[in-house]
Structures are given as C-alpha cells and as structure tokens.
Amino acid sequence: MLPIFVINLDGSTERLSKVEQELQKIGVSFERVSAVDGRIMTESERLQHYSPELNASNYYKALTPGEIGCYLSHRKVWQLIVERALPAAIILEDDFLAQGDLTGVQAFVDTKQAFDYVKLSDHPNRPRKTTALKLIGKSELVAFDKPPARTCAQLVSTRGAEQLLKHSEKFGRPVDIDLQYWWEKEITVLGIKPFPFAPAPDVQSDITAIQSRSTVKQHPFRRIRQQLSFKLNNALRSPKY
C-alpha cells in the first residue's frame with residue numbers, strides 16, 4: 001500500500017476529522033504531517049527559503065505567510081520521502097474529497113514506470129486539457145497542456161522529491177504555480193484519470209488561508225509578461241506525445 005501523507009495545521013481538528021472520514025470511505029490509512037504555519041515564523045525563518053528577489057522576477061505579487069508556509073509544508077513531506085527512501089508517496093492537503101479508490105494509482109506504481117510527479121486531482125474551476133498516454137486498468141495516465149494549479153492531491157516519487165527539494169532551496173512563487181514551471185524543476189508532471197481526489201467545494205486549505213491573496217499588492221504588467229513567457233516556454237518544452 002502506498003504511504004499517504006496529509007498536511008494539516010496543528011489545532012485544525014475539524015479538518016483532520018473530515019480527512020479521516022474521507023479516507024475511511026476508500027479504506028486507506030494515512031500519516032498526518034504538521035503543516036508549517038507561516039504566521040508564527042520569524043522573518044528570518046521565512047527568508048531561509050523564500051526569496052523576495054526571485055518573487056520580484058518570477059511572480060507578480062509577494063507571497064503571503066500562508067503561501068510561504070504551504071510551500072514549506074510540501075518541502076517537509078518531500079524531505080520525508082527522501083529520508084525514508086520511499087519509492088513513492090501520496091501527498092494530500094486537508095481540503096479534499098475522495099471520489100474514487102486508489103486502484104488505478106497503485107496499478108500505475110506497480111508498472112514500475114519511472115515518474116516524478118503525478119496529479120491526482122484537477123482544478124475545480126479550470127480543468128486542464130489532457131492527452132491520454134497509457135491505459136492502466138480502468139484508469140488513464142495523461143499529460144497536461146498545462147499542469148493544473150492547486151496541490152490538493154499528488155503522487156511523488158523519490159526522484160521527484162529530490163528534484164523538487166533541489167530546485168526549491170530558494171523560491172518566489174506559490175508551490176502550485178511553481179510546479180507549473182516543471183522544466184525549471186527538471187521534472188515531468190503527469191496525471192491519472194479519473195482523478196481519485198477533488199478539492200472540497202468552497203473550502204480552502206488552512207495552510208494557505210491564513211491571509212487572502214487579494215490583500216497583497218499586484219503588478220499587472222509583470223503578470224502579463226510572465227504569462228507570455230510561460231506560454232512560450234511551456235509550448236516549446238512540452239514533450240510531443
């Protein structure tokens with residue numbers, strides 16, 4: 001059985017109870033990982049990995065304490081995968097719904113195909129176009145035209161975790177946006193459909209809800225430039241299946 005890690009803030013007991021209910025429905029156990037709370041970190045602690053310089057060049061607004069904590073929470077789990085030499089593990093935030101079992105995910109892992117990072121949920125409002133790569137039982141391994149935002153649910157291999165840690169010693173974007181720049185991380189982002197998880201409607205993970213993104217000053221011209229650069233790089237670098 002694949003290890004499952006759930007990122008959950010200390011004291012967020014209602015979320016944890018909901019996680020238990022959702023995973024009981026599909027008959028799997030999990031390990032809780034205490035989320036990094038960006039609110040209680042000192043500025044020097046946040047700046048250990050968060051780079052305002054990278055943020056200014058790579059993103060259109062400063063990250064909130066919640067977004068920094070969210071990124072650091074995922075780094076914490078990637079480090080666990082590497083330290084324990086796990087071939088792969090599922091990483092969940094605490095705002096998901098289980099909408100299918102993990103038969104397809106386990107079958108994919110059992111094929112021994114090399115992989116880095118596999119999305120197990122789509123964005124609820126902006127589903128991404130996919131290309132089917134391989135049929136695995138009743139599931140499909142797919143490639144994305146653009147990896148969906150949100151980090152609700154994912155499967156990460158040891159190599160994927162190593163690469164993500166290596167390329168996030170310093171970061172300037174939110175983790176979900178940074179993963180869309182997969183070529184910078186030297187990884188490939190795939191998906192498994194039907195997606196076994198979905199973000200809970202109208203619920204935002206506590207680890208990112210600490211401060212609203214809308215309260216942060218935005219730089220629209222920087223955003224337009226970054227969007228154009230992303231589209232060009234994504235189109236040029238995407239594998240042709």
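I began at Ala85, which sits in the loop between H4 and E3. Helices (H or I, at least four residues) and strands (E, at least two) are DSSP runs, numbered from the N terminus. The model is predicted: local features need pLDDT of at least 70, side-chain atom pairs count only at pLDDT 80 or more, and totals for chains, interfaces and linings use all residues. Residues are numbered from 1 along each chain as its sequence is written, and side-chain values use heavy atoms, with hydrogens and water left out.

**Backbone entries**

I looked up phi for Ala85 and found a positive value of about 55°, although Ala85 is not a glycine. Is Ala85 buried or exposed? Ala85 counts as exposed, at 58% relative accessibility. For the cut-offs I noted that buried means under 20% relative accessible area, exposed over 50%, and partly exposed in between (1.4 Å probe, protein chains only).

Arg150 also went into my notes, with a positive phi of about 85° although it is not a glycine. I found Arg150 in the loop between strand E7 (139–144) and E8. Arg150 is partly exposed, with a relative accessible area of 24%.

Next I checked the peptide bonds. Lys193 and Pro194 are joined by a cis bond, with omega about -5°. Pro194 lies in the loop between strand E9 (189–193) and strand E10 (197–199). I keep these entries because most residues other than glycine have a negative phi, and most peptide bonds are trans.

**Helix pair**

I turned to helix H4 (residues 65–83) and helix H6 (residues 158–166). They pack at an angle of about 130°, with their axes 9 Å apart. That makes H4 oblique to H6. Axes are lines fitted to C-alpha atoms, for helices over the stretch in contact, and angles run from 0 to 180 degrees between N-to-C directions. Under 35 degrees counts as roughly parallel, over 145 as roughly antiparallel, 65 to 115 as roughly perpendicular and the rest as oblique.

Which residues meet here? From H4 I listed Arg75, Trp78, Gln79, Ile81 and Val82; from H6, Thr158, Ala161, Glu162, Leu164 and Leu165. Contact means heavy atoms within 4.5 Å.

I then listed the buried residues of H6: Gly160, Ala161, Gln163, Leu164 and Leu165. They pack against H4, strand E5 (117–119), strand E8 (153–157), helix H7 (175–180) and helix H8 (182–185).

**Core**

I looked up the largest nonpolar core and found 40 residues. Such a core is a set of buried Ala, Val, Leu, Ile, Met, Phe, Trp, Tyr and Cys residues joined through side-chain atoms within 4.5 Å. Phe5, Trp78, Ile81 and Val156 have the most contacts inside this core. Strand E1 (4–8), H4, strand E3 (88–93), H6, H7 and H8 each give two or more residues to it. H4 provides the largest share, 8 residues.

What does Ile81 touch, leaving aside neighbours within four places in sequence? I noted Phe5, Leu86, Ala89, Ile91, Val156, Ser157, Thr158 and Ala161. A second, separate core has 28 residues, among them Leu2, Ala98, Val109 and Leu120.

Ser157 is in strand E8. Ser157 is buried, with a relative accessible area of 5%. Not counting residues up to four places away in sequence, I saw that Ser157 touches Ile81, Pro87, Ala88, Phe115 and Asp116.

Ser29 is in the loop between helix H1 (13–25) and strand E2 (31–34). Ser29 is exposed, at 59% relative accessible area.
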